Amino acid sequence: MGFPVAVLKTENLSRNFGGLAALTRVSVEFRENEILGIIGPNGAGKTTLINVIAGIYLPTDGKIFFDGKDISQLPPHKRCRLGISRTFQLVRPLPGLSLIENIMLGSLFGRGLGRKEARLKAEELCDFMGLDRVTRDISRMTSLEIKKMEIGRALAPEPTLLFLDEVMAGLNSDETREMIELVKRIHNRGITVGIVEHVMRVIRELTDRVVVLDWGELLAEGPYEEVSGDPRVITAYLGEEA
Amino acid sequence: MNRWKYLLYLVIFIVLLTLPLYTGVYLLNVVDIILIYLSLALSWDMLLRSGQISFGMAGLFGVGGYAAVLLHLNTGVHPLFSILLGGLAAGILAWLIGTAVLQLRGMYFAIVTLALAEIFRVIVRNLPDLTGGPEGTVLPSAIFSGNSTKTYWLVLAVAVISIIASEAFRRTRIHFALTSIRNDEVVAKSSGIDVFKYLVFIFGITSAIQGLTGGAYAHIYGFVSPDGSFSVDFTLLPIAMALLGGMHSTWGPVVGAVVLGGVSEFLKLKIPYGHLMVYGLIIVVAILFFPRGIVGTLGQRFKNTHRG
Amino acid sequence: MANFVGSLKKSTVQIALAGVILAVLLAFWKPHVLVEGFQRACLYAVIALPMALILGIVGIINLAHGDFMMLGAYFAYWLNVYTGLDPLLSILPALPAFFLIGMLSYRAIIRYVLGAPELNQLLLTFGLAMVLEQLANLLWTSRPIKLPLKYVSASATLGSFTFGIYEFIYVGAALLVLIGLLIFLKRTDMGQAALAVGQNPRGAKLVGIHVDRTYLFIFSLSIALVGAVGAIFMTRHSIFPLVGGAFTMKSFCLIAMAGIGNLTGILWCSLILGIAENFLLSFRGYAGWADILFFALIVLVIIVRARQRQVK
């Protein structure tokens with residue numbers, strides 16, 4: 001078992017937007033090779049947490065430590081190169097690039113691979129995710145395929161820590177099953193995963209622990225069974241029981 | 001890329017190289033102008049691919065011209081070398097300006113570049129000891145003593161450099177960087193791209209090309225002046241050409257330059273005052289009705305019939 | 001958060017105090033600079049305000065803005081030549097004429113790029129600016145023209161210091177337009193609707209506000225105002241096809257300094273620009289550099305804004 005090593009740790013992380021306190025003194029830990037669930041009602045600050053950790057926003061207060069180093073002020077592209085990756089809640093495929101090229105982006109710049117190697121890696125990732133490699137117009141791809149492309153793009157830089165922001169949204173139960181298996185495969189590669197979700201059955205199945213955010217504050221943390229029985233969490237809107 | 005394409009390009013190149021052998025001086029001069037505008041149009045498009053517009057081409061063009069001429073006159077360097085230095089000067093200047101201004105993108109950057117030509121014009125006018133003031137500076141002799149063949153080869157060389165740069169931007173990882181920055185900066189940043197550094201770099205390189213072109217132009221015509229070297233022509237026409245021909249490509253600006261370059265000579269004779277209006281109209285019409293330009297629209301048709 | 005607001009107020013007070021001290025110093029050292037700078041500042045402001053209106057509410061940057069002013073100037077000139085109408089009076093026909101021109105421009109051209117990326121808007125209005133400038137060039141050549149009007153040289157003397165009074169018309173115009181716009185936006189239904197549309201077009205549509213008509217009105221109003229300003233401008237300065245371009249740039253500089261949506265701020269920032277320019281002009285060796293002061297200001301503003309945004 002051994003002592004759990006924290007891959008990433010936030011210390012009293014706060015982020016304000018004008019008068020709105022999106023995050024207030026949030027201290028969480030992402031332990032090596034765990035799958036940590038991030039749950040909470042809408043507007044709780046889950047995506048903001050990812051954005052601040054990924055560097056899209058700088059913290060108003062508090063610190064972030066990755067591998068023991070303070071990365072709180074680093075720009076996002078440097079954090080990507082260090083090994084932090086994320087997907088987006090509303091998918092953002094790049095229309096100017098093909099499917100494979102979208103995925104290649106991550107390894108070209110996140111890992112500095114040459115184009116040939118990046119292409120090979122992208123093809124390998126497609127196989128890994130069960131995504132049809134054949135280049136198609138993004139407008140003709142299904143929602144599941146686009147999500148996989150985004151995940152592929154996030155996996156290409158070979159991250160240590162990967163954030164999945166509501167990847168199950170809008171999927172039917174077969175697709176959800178497929179996505180769950182994909183997350184497990186990603187986890188088996190040794191990647192630490194932070195997963196934001198509203199679908200509780202997914203959280204129950206995938207995660208080792210969860211953290212609960214409400215109004216930007218950390219409400220509770222621990223294994224899902226414990227947390228879901230916590231009266232404070234229950235009074236905060238829990239989300240759908242799937 | 002198949003063998004036939006390479007063969008075609010080779011043939012075109014040989015034809016262009018040997019053009020002076022079977023073309024008169026007047027026509028050669030027209031081609032010179034087309035090639036100058038072609039280089040400018042390509043350099044503008046290269047920056048456009050990153051999602052930024054520069055309206056400052058005339059400014060960097062003029063800076064290159066002045067730098068080339070003044071360096072040659074004051075330090076005696078060979079004209080060709082001074083042209084390279086002119087490009088370098090423009091590139092460095094753009095790098096400095098870009099570092100300051102590219103922290104904000106879009107309209108802030110675009111409007112700052114709009115001011116560039118006027119800024120440099122004022123600076124040049126106010127340093128008469130260095131630059132010859134409002135009348136400008138005349139070279140004792142044009143480069144190659146005005147030999148039209150060598151002049152043509154000079155401009156052809158600049159154009160080839162621009163084409164090579166444009167293709168490099170399309171075939172290397174720079175293409176990925178540019179496209180992702182243009183499509184979605186947040187995704188680009190999150191995928192490891194240092195957006196700011198790339199933009200400053202692109203702005204610097206494309207401005208260097210503009211300076212290079214300006215240096216060549218200045219030496220060919222043998223003079224620089226605040227109004228001549230920073231003329232709005234050098235911003236307006238290349239933009240119209242790139243839009244007409246088709247943005248985000250190498251062929252687009254080339255086609256646009258060939259078409260409009262020829263038209264420009266014709267128009268100048270027929271409508272001496274205000275013929276530039278046509279180019280403004282082309283820009284307006286292009287944005288409204290066919291933003292992909294000639295090449296883009298044709299290319300789209302080609303894609304549609306071949307992909308399915 | 002409270003700290004930030006508190007410190008902002010403090011720095012504003014400090015700046016205001018510094019401004020007052022500088023003004024008093026100038027009054028004694030170079031009174032010309034103070035007076036003429038003030039007048040010039042208001043000219044810049046009255047041109048920038050309509051541009052700010054479009055940018056804030058319709059959300060597009062109109063690079064042809066200064067050229068509409070130029071057209072207004074030529075309009076007044078030709079009206080005077082053909083009918084003898086005093087240019088100041090031609091503000092009256094200019095307003096509806098340019099309102100119409102604004103409507104046509106909006107319907108025929110601007111409307112199409114509202115949803116398009118900013119790039120397209122910039123290029124389109126740039127093309128439009130070129131068309132207007134070259135059209136003027138074609139019709140009236142690039143030779144500067146001016147009307148010899150007696151009343152523009154009216155001046156007053158204060159002790160040993162003589163200054164022009166006519167130019168205070170710009171001050172009047174700026175105050176009129178600013179106050180008029182503020183009343184319009186805050187006290188009228190149409191204005192409130194416009195503000196709503198500016199902040200959230202989709203939301204405004206949901207509550208039943210006719211977004212397109214609002215854009216049309218605001219755009220046409222802006223063009224009408226700037227055309228009328230052209231008529232006033234014409235009385236005092238010689239005009240030529242490219243005269244408007246510099247004003248577009250300086251208007252943008254002011255809007256960038258004041259911040260989009262801050263109409264009153266434009267007046268204050270124009271004071272800085274106007275007086276600083278005149279200050280440079282008063283030194284014989286540096287007069288030529290006054291023209292590019294606005295550029296230094298824009299770059300400075302961008303650097304400062306970017307710093308602020310670092311905390312995103």
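The model is predicted: local features require pLDDT of at least 70 and side-chain atom pairs pLDDT 80 or more, while totals for chains, interfaces and linings use all residues. Residues are numbered from 1 along each chain as its sequence is written, with chains lettered from A and ligands numbered from 1 in written order.

H4(A) covers residues 115-129 and spans 21 Å between its first and last C-alpha, close to the 21 Å expected at 1.5 Å a residue (1.5 Å times one less than the number of residues). Helices here are DSSP runs of H or I with at least four residues, numbered from the N terminus. The buried residues of H4(A) are A:Ala118, A:Lys121, A:Ala122, A:Leu125 and A:Met129. Viewed down the helix axis, they fall within an arc of 105° and so line one face of H4(A); the arc is that of the directions from the axis to the C-beta atoms. Just beyond the helix, A:Gly130 adopts a positive phi of about 75°. The helices of chain A against which the buried residues pack are tabulated below.

| Packing partner | Extent |
|---|---|
| Helix H3 of chain A | residues 99-110 |
| Helix H5 of chain A | residues 143-155 |
| Helix H6 of chain A | residues 173-188 |

Between chains B and A, 15 residues of chain B are in contact with 22 residues of chain A, contact meaning C-beta atoms, placed from the backbone, within 7 Å. On the chain B side, helices H8 (173-183) and H9 (185-190) each supply at least two residues. The largest share, six residues, belongs to H8(B). By class, this side of chain B comprises four nonpolar, six polar and five charged residues. Nonpolar covers Ala, Val, Leu, Ile, Met, Phe, Trp, Tyr, Cys and Pro; charged covers Asp, Glu, Lys and Arg; the others, including Gly, are polar.

Chain C also touches chain B, with 34 residues of chain C in contact with 32 residues of chain B. Helices H5 (118-140), H10 (243-258) and H12 (293-310) of chain C each give two or more residues to that side. H5(C) provides the largest share, 15 residues. The chain C side divides into 25 nonpolar, six polar and three charged residues.

Definitions and conventions:
Contact = placed C-beta atoms within 7 Å. Buried ≥ 20, exposed ≤ 12 C-beta atoms within 10 Å, placed from the backbone.
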